[in-house]
Every structure is written in C-alpha cells, then in structure tokens.
Amino acid sequence: MKAAILGYGTVGSGVYEVLQRNAEVIAEKSGENIEVKYVLDLREFPGDPVMEVLVHDYECIVNDPEVRIVVETMGGVKPAYEFVRRALECGKHVCTSNKELVAEYGAELLALAKERAVNFYFEASVGGGIPIIRPLCECLTADKILEISGILNGTTNYILTRMYNEGADFNCVLKGAQECGYAERNPAADIEGFDAGRKLAILASLVLGKRVEFGDVVTEGITGITARDIRYARAMQAKIKLIASAIWKEESFYALVAPRIIMAGHPLYAIDDVVNAVMVKGNMLGDVLFSGRGAGKLPTASAVVSDVVQAARHVNENTGLIWSQTRTVPEPVRGMPGRFFVRTDEKNRQQAKQLFPGLTQVDAGLADEFAFYTEQMTEGEFSERVEELDKIRNQFRIEF
C-alpha cells in the first residue's frame, strides 16, 4: 500500500517516523505493508532519510495511481483544501490532523469521499493523540448524547496550570510557554479560544449529523484571567480551566468555549499541563472520560497513523461518517442554566446580596473585594442582574 504525506513539519515528520519505526506492527494491523512513496514539502532536509522520497510538486502525487492514501499535515485551509479535494476526486483515501480544514469543510469532504467510495478520516483533528472521533461515532451510538465537555487546547491548559501552581501573571506564563514551544509566536488561536471552538464544532457536528459552524460557537479566551482569580479558585478548592461544551437540553442545543471554575471532584479538575480530556455524557452510559496528550509530534502522529490503518483496512469501501451539509445553529447561551462566580468591590456587598439572594461568599483574604457565587439560574437571568452591580472585577461560570 503506497502512501504520500503532505507537509514535513512537526506532525508530518512524526507520521513518517511512526510509519518507519512501527512498520511491522502497522502491517500486522492493517493487513499489508504501508510504504511512504512521497513526502511533499517546499523545503529541503539535507541528511534526513526523507530526502529519498521528498518531492516539491503535488501533481506527481495526485496523478500517481499507486498512491492510495494521502496524509495531509500541512495545516491551514490553503492549499490543504484544494489538495485534499483533488485527492478524494482521484479516488484516494485522505487522513488529516487539520482542525481548520475539518471544521470548515468536513461535511463537504465526507460527502465527496462517499461519492468516490473512499474515506476522509480526521481522528487527530480534535484530541491530538486522544481517540475521540471513532469512539463517538462507533462505540457510543446506542446512547443519546447529552453533553460533550472538555479541555481541548493543551497550550491554555499549560498556561493555567502554571498560573495555579506558581501564582504567576498571565503574560509571564505565556512568554514561558512560547519559549518552551507550547505556544505559537502568535498565540491568538489558542488563548482566545478559537482552536478549542473549531474542535468543539467538529464534535458537535458529528453528534448532530449536521454542520455546526465554528463562527456560531460562542468563544471566550483566557487573557483576562489574573493571579487574583487564581487565588479565589484556590480558596474554593477549585481550578480555572478553558472548557469547551456542547450541551443538549430538551429541544435546545448550546455550544460555548469559556474559562470556568472547576470544583474539586469534577472529572476535569485533575487534568493539568498539556494533557487534554473530553468528557461525554450519554443518557444510558452516563459520563465517560477520554484523556491523554492532546498535542505533540508523536501523540498526534499516532492518531493520524491509526487513520492510515483504517484506510488500508477499508481500501475498497466508504465507512460513512454521518455529517450532512445542513447547517444547525446553537441556541443563544442566554438560555443555558448554570452557577456563576463574581468579584466586585467590597462597597458593593449589600447590593450584591440584594441582587443575588442565596449567594455564597468566597473569602480569599482580599479586604478590598467582595466575591461570591450564585445559586443556579440561566445565563440571561445572571446577565440582567449582574449588569446592575457596580464595577465587576471579573466573573466566571462554575462547574461542580
């Protein structure tokens, strides 16, 4: 079985390494040897064994009938979308780790794959090395999914873990994360919640079988979190995490990415550093948690190669994920129920108690502030009340 890899960056080189180092076990599991015939990249890699198969022109890949599997690890939408589409049109299976591509064009590319009797696989696009797409689409099909919540971005989890452990300032920790290679030079996609939002859109689309657009997912980032917020979380025996949630409640569907206070005992409380986790709640099964390294060269490459094995096993058939191009739009988050934490000036204590009867005070030893969390109410009810409170210093949703 001949394969080609598009892009020899972090993930692409990892895929090449996994296919070489684990060739024997991969052949055993897929039913035949898988040989990398081409690796596409604009750069040269002197001294690297990849030079033997390195090419700079995509045409030699897409026009080679021997190549049955194309692995796309370039990232971004251009030229990845064009390359993937052409590969599928030529009857080649495609495996990708590209969340931007899948979030924007997943439904279209799956439909094209079905039409051409090949497969479009993207296990690594959401959880990196964590298996979640195949379990969700194959193993949990007896359940009605009620909720998917998770830590879907390793960069933000690393930053928040360091802030919690060291009491450090956000900007200081972000700089350290960039120096360690955990954060990009331009970290906006991670710290503003966009990366997690794209991954949530993919998961929600697969649960619904319809297209959930990334732009319809409400996203809030972590840039406004301060050392004082962390101090309050400690006082509550809790941590702050960036949580992506898709929730189905009666006839309503909500999608939200936002930092939340996670209380001790919650399944996501202990997920720290660059580890990611996805919790799925089914109406029969209850909660099930998938966790592991959500990023990194070899963990992500391992998930991509698992898709390559699937493609080799089903080389002459389409396995058919259900994801139509019909768009579904989440409800406004105003209808979501929850509990909320608020920091305000000490002088607002009485006003806060009047606006939020039944509140629970949180004492972190800061004399100039009054902090509390509310009883359960909808986002809309909370927003209306909190707008009347003078000078909010910060606010978070809480997960118990």
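Mentor: Ala, Val, Leu, Ile, Met, Phe, Trp, Tyr, Cys and Pro count as nonpolar, Asp, Glu, Lys and Arg as charged, and the others, Gly among them, as polar. The model is predicted; local features need pLDDT of at least 70, side-chain atom pairs 80 or more, while totals for chains, interfaces and linings use all residues. Residues are numbered from 1 along each chain, and side-chain values use heavy atoms, without hydrogens or water.

Trainee: By class, what lines the largest cavity?

Mentor: A cavity is a set of 1 Å grid points where a 1.4 Å probe fits but cannot get out; lining residues have an atom within 4 Å of a point. The lining is Leu-160, Thr-161, Tyr-164, Asn-165, Lys-239, Ile-240, Lys-241 and Asp-272. By class, that is 3 nonpolar, 2 polar and 3 charged residues.

Trainee: What is the volume of the largest cavity?

Mentor: The structure holds 1 cavity of 30 Å³ or more. Volume is the space filled by probe spheres set on the grid points, joined across faces, edges and corners. The largest cavity comes to about 40 Å³.

Trainee: Which helix gives the most to the lining of the largest cavity?

Mentor: Helices (H or I, at least four residues) and strands (E, at least two) are DSSP runs, numbered from the N terminus. Strand 9 (238-249) and helix 8 (154-166) each supply at least two lining residues. The top contributor, with 4 residues, is helix 8.

Trainee: How many polar residues line the largest pocket?

Mentor: A pocket is an open set of points with protein on both sides within 12 Å along at least five of seven lines. The largest pocket has a volume of about 1,000 Å³. Of its 36 lining residues, the closest to its centre are Val-11, Lys-99, Glu-184, Asp-195 and Ala-295. The lining has 10 nonpolar and 9 charged residues, and the polar ones number 17.

Trainee: Is Ala-27 buried or exposed?

Mentor: Ala-27 lies in helix 2 (residues 23-30). Not counting residues up to four places away in sequence, Ala-27 touches Glu-32 and Asn-33 (heavy atoms within 4.5 Å). Buried means under 20% relative accessible area, exposed over 50%, partly exposed in between (1.4 Å probe, protein chains only). Ala-27 has 14%, so Ala-27 is buried.

Trainee: Which residues touch the most other members of the largest nonpolar core?

Mentor: A nonpolar core is a set of buried Ala, Val, Leu, Ile, Met, Phe, Trp, Tyr and Cys residues joined through side-chain atoms within 4.5 Å. Of the 94 residues in this core, those touching the most other members are Ile-61, Ile-159 and Phe-341.
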